[in-house]
Amino acid sequence: MKSRSEGAEKHWVLSLAALGVVFGDIGTSPLYAFKLIFHPRYGIPHNSETIIGGVSAVFWALTLIVTIKYVILVMRLDNRGEGGIMALMTLALEATEGRKSLRKLIIGSGICGAALFFGDAVITPAISVLSAIEGLEIVNGTLKPFILPISIGVLFGLFFVQHFGTETVGKLFGPITAIWFLILLITGLFWVIQNPIILLSINPLHAVRFLSDHGMASFWILGAVLLVFTGGEALYTDMGHFGRTPIRIVWIGLVFPALVLNYMGQGALLISDTSAVDNPFYRMYPEWALYPMIVLATAATCIASQACISGTFSLVKQGTQLGMMPRFAVRHTSSSLAGQVYMPGVNYLLMSAVILVAVLFGSSTHLAGAYGVSVSGTMLITSCMAAVVYRHHLKYNLAICLVAGSCFALIDFAFVLSNLAKIGHGGWFSISLAGFITLLIVTWRDGKKAIGRYMESKNYKLEPYLHSLLENPPLRVPGTAIFVSSNQLYVPHALIYNLRHNSVLHENNLFLTVTAANTPKVMLKNRVIISDLGGGCLRLILRYGYMENPNIEKTLNKLKKMHLLDIDPNKASFFTCRYNIFPVKRGYSEMANWRERIFAAMVRNASSTINYYRIPAHRTVEVQENIEI
């Protein structure tokens, strides 16, 4: 009985935390989504029939895409508890072993999905903060010139505080967001009571007519309807932090009713006063409540932006572990929560991109066109991958997977097409950004393959090399040397250079390789593979999951305490090798010269082995090696 009550209490605590982190993005969509559906450029008349139809389209979009697709179906597809596009990709790859063509398609889709997520992470903070600050224009039209400078100031402050971490600030997220959703619910309910005819929007026929009776305008409106469920992907991405049950409880119990009632309330207001179409969200409040709502909306949008920023750090970390991205410096901001990290390089790049976007587009209305492309693209990729996992991993009936997958993919594809039609209205930015990120990821993967070919041509197999070396050994010196290498089969170049220049071999030598598993986490018993190579030499392979933060020193000390290692890691010397890449015309790379130069720049700016694996710098010798690819 006690354990059941403790479990229930844990669910409620996690539900409150999830409310602050997971639902910030989708919860701030009412600020800008509904006004864009009825934007004058579509030429749709603002009468009760079209307004009810617009609200119906919103209601059924939230029901079909978020509730059924994500909350019920996609959230079942966890990779050892973790969600997100990377977790879904690894599940799909595990389930399609031996199908080379399908696996290539899955990897390509995963890369595109990650690139589109970065586009979303750039646009979300800009559009969210701009839409909140734009409420000042409702209060006083003379404040319009100050909206952009104030928004940039808020964004700069948001990124500046990232280095403090989110452990303390995160405790405030849940209560603030709970207040936000309660106000959305109460305000929407008030206006629904004033004009209950809006409840007719529950009938899906109104949505069908709204999206089919206005010619090409109906097609364009789909892109605006999509904005009501931006952030839906976050429910799946953040599942590993809170679990599916707390997220489902919060969505069904508070967020979904609050959003639906608020959109209905905005529709009810428009039926009563069509002049409120310029900003129906803020027009729902009396004048005295506008300033408090602007402050609360700004706080809510900062929370939504924080979730995107943290998600970007997490995705970069996963991509690095899976070998898709270069290493970035990682700082841990919590002593108790391993997932709370800060990446200075990623933070500064993201801040620059977000502020550039805010300045480039200037308003949430102009940004909406850019926003939809990245969101709809990610949704389509998720639908296709989910169908593959349901079929090949969960072994569902082929016909069911084809029908369900095709239905959701067709819906997503319609949203993609409607947003591609907005290329000239901002969609070009999302496509360009996603293309650039994809280029970087593919260039990094191809560059790593070129380095692999170089190593194979220059390397010696480790075991035969040691056997030959120990037959006529150099001077053995006391102590332990730990050679960190990327390939456990070949001789670390740091050992070759040490023998060449110092002509000594330590009494104990540990050849250490870190590999990434296709799982979020790896238990300690499955993390370690130790081989005795003879002559005081050991080979150690450490496996980390893509959600973990490798810490070599900490792991070695654990192995020492478990009596799996006879060496003392705290007195050992570490040897690593850092590469300098030089593009040449006939090297080991199959890339164009300009891509080789991009790869060389990425390698130069990547975090060192010492920082990334948290090796003690004061006991590490780093050897530089020039590689011509």
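Are α8 and α16 parallel or oblique to each other? In this predicted model, the axes of helix α8 (residues 147–160) and helix α16 (residues 290–321) come within 11 Å and cross at roughly 45 degrees, and α8 and α16 are therefore oblique to each other. Angles under 35 degrees count as roughly parallel, over 145 as roughly antiparallel, 65 to 115 as roughly perpendicular and the rest as oblique. The axes are lines fitted to C-alpha atoms, for helices over the stretch in contact, and the angles run from 0 to 180 degrees between N-to-C directions. Helices are DSSP runs of H or I with at least four residues, strands are runs of E with at least two, and both are numbered from the N terminus.

Residues are numbered from 1 along each chain as its sequence is written, and side-chain values use heavy atoms, with hydrogens and water left out. Because the model is predicted, local features need pLDDT of at least 70 and side-chain atom pairs count only at pLDDT 80 or more, whereas totals for chains, interfaces and linings use all residues.

**Helix packing around α16**

The crossing of α8 with α16 is right-handed, a crossing being left-handed if the near helix is turned anticlockwise from the far one by less than a right angle, and right-handed if clockwise. On the α8 side V154, L158 and F159 take part, and they meet T298, C302, S305, Q306 and I309 in α16, where contact means heavy atoms within 4.5 Å. By class, this contact has five nonpolar, three polar and no charged residues; Ala, Val, Leu, Ile, Met, Phe, Trp, Tyr, Cys and Pro count as nonpolar, Asp, Glu, Lys and Arg as charged, and the others, Gly among them, as polar.

Helix α16 also packs with helix α17 (residues 344–361), at an angle of about 130 degrees and with the axes 10 Å apart, which makes α16 oblique to α17. This crossing, too, is right-handed. Here I309, T312, F313 and V316 in α16 meet V346, N347 and L350 in α17, and the residues of the contact divide into five nonpolar, two polar and no charged.

**Salt bridges and burial**

Side chains of opposite charge can pair when their charged atoms come close. The structure holds ten salt bridges, each a side-chain nitrogen of Lys or Arg within 4 Å of a carboxyl oxygen of Asp or Glu, and the table lists some of them.

| Pair | N to O distance |
|---|---|
| K35 and E134 | 3.5 Å |
| D412 and K69 | 2.8 Å |
| R103 and E97 | 3.7 Å |

K35 lies in helix α3 (residues 33–37) and E134 in the loop between α6 (100–133) and α7 (135–139), so the pair ties together parts that are 99 residues apart in sequence. K35 is buried at 10% relative accessibility, and E134 is buried at 9%; buried means under 20% relative accessible area, exposed over 50% and partly exposed in between (1.4 Å probe, protein chains only).

D412 and K69 join in a salt bridge that links distant parts of the chain, D412 being in helix α19 (residues 398–420) and K69 in helix α4 (residues 48–73), 343 residues apart. D412 is buried at 0%, and K69 is buried at 2%. In the pair of R103 and E97, R103 is partly exposed at 22%, whereas E97 is exposed at 61%.
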